[in-house]
Amino acid sequence: MTQMTTPGEARLQAMAAPEGDIAAATHTLVIGPYLTRAAAPRMGSGPADATRSSEARIDEAAGLAAAIELDVTEAIIAPVSRIRPSTYLGKGRVEELSGRIKADEIGLVVMDCALSPVQQRNLEKAFGCKVIDRTGLILEIFGRRASTREGTLQVEHAHLAYQRSRLVRSWTHLERQRGGFGFLGGPGETQIEADRRMIQERMTKIERELDSVTRTRGLHRESRARVPYPIVALVGYTNAGKSTLFNALTKAEVMAKDMLFATLDPTARATKLPHGETVILSDTVGFISELPTALIAAFRATLEDVIEADILLHVRDVSHVDSEAQAEDVGGVLRELGIETTAERIIEVWNKADLLDDPERTRLLNLSAQGRNDRDSDVPILVSALTGEGLAALSGRIEARIAKRRSTFAVTLAPEDGAALNWLYENAEVLDRRAEEAGTIHLAIRVAPEKEPRFLNRFSSARKLSRAE
C-alpha cells in the first residue's frame, strides 16, 4: 500500500531539500562582497580574510558553484567599505548589479559571504532573482554529495537549522505553498510558527537517529580496538589532494577529482607500512574557510576518526597561492572541534609537488630534505600523490612517529618454539631476526603500548632496548 504524505510533511520535505533545487542550467552570477583592507580590521575580520587575496577568494567561490555544475556566467569582486544591515552592499552597487542581472538574464546570484535573512530577502527583491549566500551554497553541495545514511541525516539537520531562521523570506521553499499569493507575500504568523514547530520536531528526530548511528560507529571502533591498529587520519583544505593521496597509500579507488568537496563521506582502509605495521588510514571531508558553524557541529560525528586518530596527516596544496591561509583555516576548524593539534600528533604533507615551478620545487625539496635523516623531525614532507614522489618518505615518517611511542625489546627463542614466534609476528613488529647455527633465534621486537602487558607476561625474559641500540 502506498504511504500517503500529509501536507505538513510535504512542506517539511520541501524545506529540508537543497537550496531551491537549483538547476544546473541556471545562469549564475557569483559576487564577492569583500571588505577593503582599510575596512577589514575595523570590521573584525579573521586572519583568513587578512591573508587571502580577493582574487583567490572569488575563484574559490566560483569553484564551489561549479562543483554542483551551475552555469557561472561571471564572477565579480564587489569591494565593500562597510556592511549595510539591509542589503550588505551599498545602494549604488545594488542598483548597478540589478541592471547587469536583468540584462544577462541571471537566475541565481551567489553572494560569497554570510547574509542575514533580511539582507537575503532585500537583495532578492532588488535583483529579481534567487539569492543564496556562502552557507546556502555549501549546504547545497553537501546535500548533493552525501551518500551514506549518516551523511544525509547530518546535511538535513544542518539545512533545517539554516532554514529555521529564514522562514520569513520570500523566494524560499515556502513559495511552493503560497500558490497565487505571489513571491513577495509572506505566510501568516500562525503558518510560520507551525513550520518552525515542524522543523524542530524533525530536527529532534534526526538527532535521535544520529545518536543511533554514532552508537553503531562506536561499536565499530570497539571492534577495531580489540585488534588495535593505529589510526592515521588525513585532514586538509578541500581539493588539497587528500583522496588522491589516500588512494596512492592504500591502493583504493576513492573518488578523487579536481573539484571542491569531491569527497564528503569518510572512508577508512587498512594499509601496511614498510616494516609490516598495519594502520587504519581514514580519508575525511575537506575543510574550507568560513565553514558554517552548523556544519562543523553536524559533521562532528563524521570526524570521529580524526578526533580518535593517533596521527593526523595535514595535507596541503603547496602549489596554491593561498596555501598558508588555507592551513590556518584547517587549524582553526580543528581547534573549534576540540582536536589536539600538537607537533607530536601532526605530520604536515606538502602535496602537488608536480605542479610547482623548478625554483619553488627545489626550495621546498631542500626544506623537506632536512627531516629525512631524522625520522622524528617535524619538517614537512614534499610529495606528489599523483606521481608517487615522496610517498616512501611519508610512510617512513608515519612509521617513525608510531614507533616513537612504542618500546623495543630483544627476545631470544628456542628453535622449537614456533608458537611463540608466530605470536610475535601477529602481535608485534619484528624489526630484526638472526639465527645461530644451533638454531636459537634472536629478535628485535617493537610492541604497541596496549599489548605490552601481554607481551611481558608471555616473554618475561625479554630485554628492553634503548634507542641507541
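**Notes on the predicted model**

1. Phe409, Trp423, Phe455 and Phe459 make up one aromatic cluster. For pairing, ring centres of Phe, Tyr and Trp (its six-membered ring) must lie within 6.5 Å; planes under 30 degrees apart are called stacked, over 60 edge-to-face, and the rest tilted. The whole structure holds three aromatic pairs. One of them is phenylalanine 409 with phenylalanine 455, a tilted pair at 4.9 Å centre to centre and 45° between the planes. That pair links distant parts of the chain, 46 residues apart: phenylalanine 409 sits in strand β11 (residues 407-413) and phenylalanine 455 in helix α18 (residues 452-458).

2. Some housekeeping before going on. This is a predicted model, where local features need pLDDT of at least 70, side-chain atom pairs count only at pLDDT 80 or more, and totals for chains, interfaces and linings use all residues. Residues are numbered from 1 along each chain as its sequence is written, and side-chain values use heavy atoms, with hydrogens and water left out. Helices (H or I, at least four residues) and strands (E, at least two) are DSSP runs numbered from the N terminus.

3. Buried means under 20% relative accessible area, exposed over 50%, and partly exposed in between (1.4 Å probe, protein chains only). Phenylalanine 409 has a relative accessible area of 3%, so it is buried; phenylalanine 455 is at 0% and therefore counts as buried too. The rings of tryptophan 423 and phenylalanine 459 have centres 5.7 Å apart and planes at 50°, which means a tilted pair. Here tryptophan 423 comes from helix α17 (residues 418-427) and phenylalanine 459 from the loop between α18 and β14 (463-464), 36 residues apart. Both tryptophan 423 and phenylalanine 459 are buried.

4. On to charges: there are 13 salt bridges in the whole structure, each being a side-chain nitrogen of Lys or Arg within 4 Å of a carboxyl oxygen of Asp or Glu. Arginine 446 bridges to glutamate 429, with the closest N and O atoms 3.2 Å apart. Arginine 446 lies in strand β13 and glutamate 429 in strand β12 (residues 429-435), so the pair ties together parts that are 17 residues apart in sequence. Arginine 446 is buried at 11% relative accessibility, and glutamate 429 is buried at 4%. Contacts of arginine 446 (heavy atoms within 4.5 Å) include Glu399, Arg406 and Leu431, leaving aside residues up to four places away in sequence.

5. Another salt bridge joins arginine 134 and glutamate 60 at 2.7 Å, N to O. Arginine 134 is in helix α7 (residues 134-145) and glutamate 60 in helix α4 (residues 54-66), 74 residues apart. Arginine 134 is buried at 3%, and glutamate 60 is buried at 10%. Through shared partners, salt bridges join Glu60, Asp112 and Arg134 into one network.

6. Worth a look as well: helix α6 (residues 117-127), where Gln119, Gln120, Leu123, Glu124 and Phe127 are buried. They span an arc of only 130° around the axis, so they fall on the same side of α6; the arc is that of the directions from the helix axis to the C-beta atoms. These buried residues pack against α5 (91-103), β3 (108-111), β4 (130-133) and α8 (149-164). Just after α6, glycine 128 has a positive phi of about 70°.
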